[in-house]
Amino acid sequence: MKLLHIDSSVLGPHSVSRQVSAAIVDRLRQATPGLDIVYRDLTSTPLAHLSGPHLAAAQGAVPEAALLPDIAASKAVLEEFLAADIVVLGAPMYNFTIPSQLKAWIDRILVAGKTFKYSAQGVEGLAGNKRVIIAISRGGFYGAGTPSAAAEHLETYLHSVFSFIGIANPEIIVAEGVQIGPEHREKALESALTAATNLQAA
């Protein structure tokens, strides 16, 4: 069984989402002998954002030599995702939504004919056989019923992305209010780490 672990926080060891995603992976590693883990840090090895030439090459245009490394990186990212049985994603909220590094990754895995297809009945997701677990951190409080709920564009966006490719029910662990103060941060992190250790085995 293969697990793909993705981190996108720019905060390194100070990141809450990284701590929680690592705890999720540790839980699954201990529960699944022989688990094959691939790790990708989107901040230490960032992907370029999509460009016109990249999209043209995807449609069959001959790419310039300067674009070839980007095309190779895109292919590698997609193959990692397609090969994974489990995807663990660390996703902090930046300015109400996902980090731009994570958006660049998503743009490389949402590929027609690979992870979804169009048909007369509409869009059909092709990646529904994967388990996706997302570790979310938010500085404030954005859950349902809070005054800031309408500004939450991280969890809702990721739900839409994975549903689009056939993964209707990603498992989500949230650490919320981590910037309110040290006590809130500690409680939120402790709760999220407990949820990670209690995850169902793969």
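**Stop one: the rings**

The structure holds 4 aromatic pairs, where rings of Phe, Tyr and Trp (its six-membered ring) pair if their centres lie within 6.5 Å. Select Phe81 and Trp105: this aromatic pair is edge-to-face, 6.0 Å centre to centre with 80° between the planes. (Planes under 30 degrees apart count as stacked, over 60 as edge-to-face and the rest as tilted.) Phe81 sits in helix H3 and Trp105 in helix H4, so the pair ties together parts that are 24 residues apart in sequence.

A word on what you're looking at: this is a predicted model, in which local features need pLDDT of at least 70, side-chain atom pairs count only at pLDDT 80 or more, and totals for chains, interfaces and linings use all residues. Residues are numbered from 1 along each chain as its sequence is written, and side-chain values use heavy atoms, with hydrogens and water left out.

(Buried means under 20% relative accessible area, exposed over 50%, partly exposed in between, with a 1.4 Å probe and protein chains only.)

Now pick Phe116 and Tyr118. Their ring centres are 5.3 Å apart and their planes at 85°, so this pair is edge-to-face too. Phe116 counts as buried at 6% relative accessibility, whereas Tyr118 is exposed at 59%.

**Stop two: two helices**

Show residues 68–83 (helix H3) and 100–109 (helix H4). Helices (H or I, at least four residues) and strands (E, at least two) are DSSP runs, numbered from the N terminus. The axes of H3 and H4 come within 8 Å and cross at roughly 80°. That makes H3 roughly perpendicular to H4 (65 to 115 degrees; under 35 is roughly parallel, over 145 roughly antiparallel, the rest oblique). On the H3 side, the contact (heavy atoms within 4.5 Å) is made by Asp70, Ser74, Val77, Leu78 and Phe81, and on the H4 side by Trp105, Arg108 and Ile109.

**Stop three: the sheet**

Switch to the strands. You'll find an open sheet of 5 strands in the order E2-E1-E3-E6-E7, with parallel pairing; two strands pair if DSSP finds at least two bridges between them. At the edges are E2 (36–41) and E7 (171–176), each pairing on one side only. Finally, zoom in on E3 (residues 86–92) and E6 (residues 131–138), which run parallel and are joined by 7 bridges. Val87 has Val132 in E6 as its bridge partner.

Technical notes. Axes fitted to C-alpha atoms, helices over the stretch in contact; angles between N-to-C directions.
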